[in-house]
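This report covers the fold, the surface and the ring contacts of one protein. The sequence and model come first.

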Amino acid sequence: MVLLFIAIAVGVLILTILIVKYFKTNPTEVLGMDMKCKRCGMKITGTYCPKCEKDKKTFGV
């Protein structure tokens with residue numbers, strides 16, 4: 001019975017944290033993706049930066 005109360009308390013705590021995070025998150029933010037390259041700071045439209053992708057060393061593969 002005590003384990004049931006502990007499980008309910010943990011569930012309520014997790015639910016409260018998720019509700020707070022939901023209301024604090026910006027509605028225009030999509031999955032937390034930053035639309036700037038981490039290396040050069042250029043604005044990107046896809047997942048890879050075209051400028052940094054050219055500089056990538058592939059060793060001929």
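## Helices

Helices (H or I, at least four residues) and strands (E, at least two) are DSSP runs, numbered from the N terminus. By that rule the protein has two helices and zero strands. Helix α1 spans residues 2-24, and Val10 lies in it.

## Basis of the values

This is a predicted model: local features need pLDDT of at least 70, side-chain atom pairs count only at pLDDT 80 or more, and totals for chains, interfaces and linings use all residues. Residues are numbered from 1 along each chain as its sequence is written, and side-chain values use heavy atoms, with hydrogens and water left out.

## Exposure and surface

A residue is buried under 20% relative accessible area, exposed over 50% and partly exposed in between (1.4 Å probe, protein chains only). Of the 61 residues in the protein, 7% are buried. Val10 has a relative accessible area of 43%, so Val10 is partly exposed.

Accessible areas come from the Shrake-Rupley method with a 1.4 Å probe; for residues, only the protein chains shown count as cover. The protein exposes about 6200 Å², and 68% of this comes from carbon and sulfur atoms.

## An aromatic pair

Rings of Phe, Tyr and Trp (its six-membered ring) pair if their centres lie within 6.5 Å; planes under 30 degrees apart count as stacked, over 60 as edge-to-face and the rest as tilted. The whole structure holds one aromatic pair. The ring centres of Tyr22 and Phe23 are 5.3 Å apart and the planes stand at 75 degrees, so the pair is edge-to-face. Tyr22 is exposed at 62% relative accessible area, and Phe23 is exposed at 65%.
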